[in-house]
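Here is a short briefing to read with the model open beside you. Take the topics in any order you like.

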Amino acid sequence: RAYYGGHFDVGDNKSNDNSWFTAQAGNLEIVVVNYEFRGAAGQQPAVSAWGKKVFEDHPDALGIGNTHYMVNADGNFSQQGKAIYDSVKGVGNVQLLSGGHISDRAKRDDVFQGVTTTSILCDFQAYSEPSPKCAGGCGYFRIWQFSPKNNTMHVWTYSPSQNKTLGGAKDDFNVKVDLSKAAYGPFKKAGVTKALGKKLTYEVTGLKPSTR
């Protein structure tokens, strides 16, 4: 797939648990790094270094980190979640971290060197409603809707089986994100045009393959 970036094998874990991909929506570029589930075992340094490098290789994309267990119901990091945050907090484009594992919803904001990273817990596996179609969380999932114009991400919660949304501060809220680079990108000198007689030529000096 064109969006698939690759995976990272560590030790005996030769799988897709550590992997990354990109997404493009209009002018908004996103890079997502998925980390293997380690829980109380913490984070393997080699995986942390790999994930950080993926984000650093995409400095103009909105960076999102994802793992099975990032945040507890009280908003505190899991052991692995704290290690992931510590490894990427100095990378300016990483603004969102997400996970589940704990059957609840919560979020936290951390600021480092002027960059706010929001970590989100969302897990409906134990959620129930009085409905014959409700099992295993009633089908609720999260939708993240980005607005580059307002530099916000609107988070809302919807179930196709229930055909309804959930309100309240836990399930319908806005997150401030800086999309100025990911949505538009900084202007950089890419080449020089030269007029030679009737023919206009140009020399490209800074473009990578498959970029605009």
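Predicted model: local features only at pLDDT ≥ 70, side-chain atom pairs only at ≥ 80, totals over all residues.

Residues are numbered from 1 along each chain as its sequence is written, and side-chain values use heavy atoms, with hydrogens and water left out.

**Overall layout**

- The chain holds 3 helices and 13 strands; these are DSSP runs numbered from the N terminus, with helices being H or I of at least four residues and strands being E of at least two.
- The C-alpha trace spans about 80 × 40 × 35 Å along its principal axes.
- Of the chain's 212 residues, 40% count as buried; buried means under 20% relative accessible area, exposed means over 50%, and partly exposed lies in between (1.4 Å probe, protein chains only).
- Looking at contacts between residues at least 6 apart in sequence, 48% join residues at least 24 apart, where contact means heavy atoms within 4.5 Å.

**Cysteines**

- A search of the whole structure turns up 1 disulfide, a term that stands for a pair of cysteine sulfur atoms within 2.5 Å.
- The disulfide joins Cys134 to Cys138, with an S to S distance of 1.8 Å.
- The link of Cys134 and Cys138 is left-handed, with -50° about the S-S bond.
- Cys134 is buried at a relative accessible area of 16%, and Cys138 is buried at 1%.
- Cys122 is partly exposed, with a relative accessible area of 22%.

- Thr117 sits in strand 7, which covers residues 115–122.
- Is Thr117 buried or exposed? With 3% relative accessibility, Thr117 counts as buried.
- A polar atom of the Thr117 side chain lies 3.0 Å from the backbone oxygen of Val94.
- Leaving aside residues up to four places away in sequence, Thr117 touches several others, including Tyr85, Leu96, Arg108 and Asp110.

**Aromatic rings**

- Rings of Phe, Tyr and Trp (its six-membered ring) pair if their centres lie within 6.5 Å; planes under 30 degrees apart count as stacked, over 60 as edge-to-face and the rest as tilted. By this rule the count comes to 9 aromatic pairs.
- Tyr35 and Trp50 form an edge-to-face pair, at 6.3 Å centre to centre and 80° between the planes.
- That pair links distant parts of the chain, 15 residues apart: Tyr35 is in the loop between strand 3 (28–34) and helix 1 (45–56), while Trp50 is in helix 1.
- Both Tyr35 and Trp50 are buried.
- Trp156 and Tyr158 make a tilted pair, at 6.3 Å centre to centre with 55° between the planes.
- Trp156 is partly exposed at a relative accessible area of 26%, and Tyr158 is partly exposed at 22%.
- Phe8, Tyr35 and Trp50 are linked into a cluster by ring pairs.

**The second largest pocket**

- The second largest pocket has about 250 Å³ of space. A pocket, on a 1 Å grid over the protein atoms alone, is an open set of points where a 1.4 Å probe fits, with protein on both sides within 12 Å along at least five of seven lines; lining residues have an atom within 4 Å of a point. Grid points are joined across faces, edges and corners, and a volume is the space filled by probe spheres set on the points.
- Of the 16 residues that line the second largest pocket, the closest to its centre are Gly92, Asn93, Gln95, Val115 and Asp178.
- Strand 7 and helix 3 (180–183) are the elements that give two or more residues to this lining.
- Helix 3 provides the largest share of the lining, 3 residues.

**Positive phi angles**

- His101, a residue other than glycine, has a positive phi near 80°.
- His101 is found in the loop between strand 5 (94–99) and strand 6 (105–112), and is partly exposed at a relative accessible area of 32%.
- Cys138 also has a positive phi, near 65°, and is placed in the loop between strand 7 and strand 8 (141–147).

Terms used:
Polar contact = N/O pair within 3.5 Å; in protein donor to acceptor, adjacent residues only side chain to side chain.
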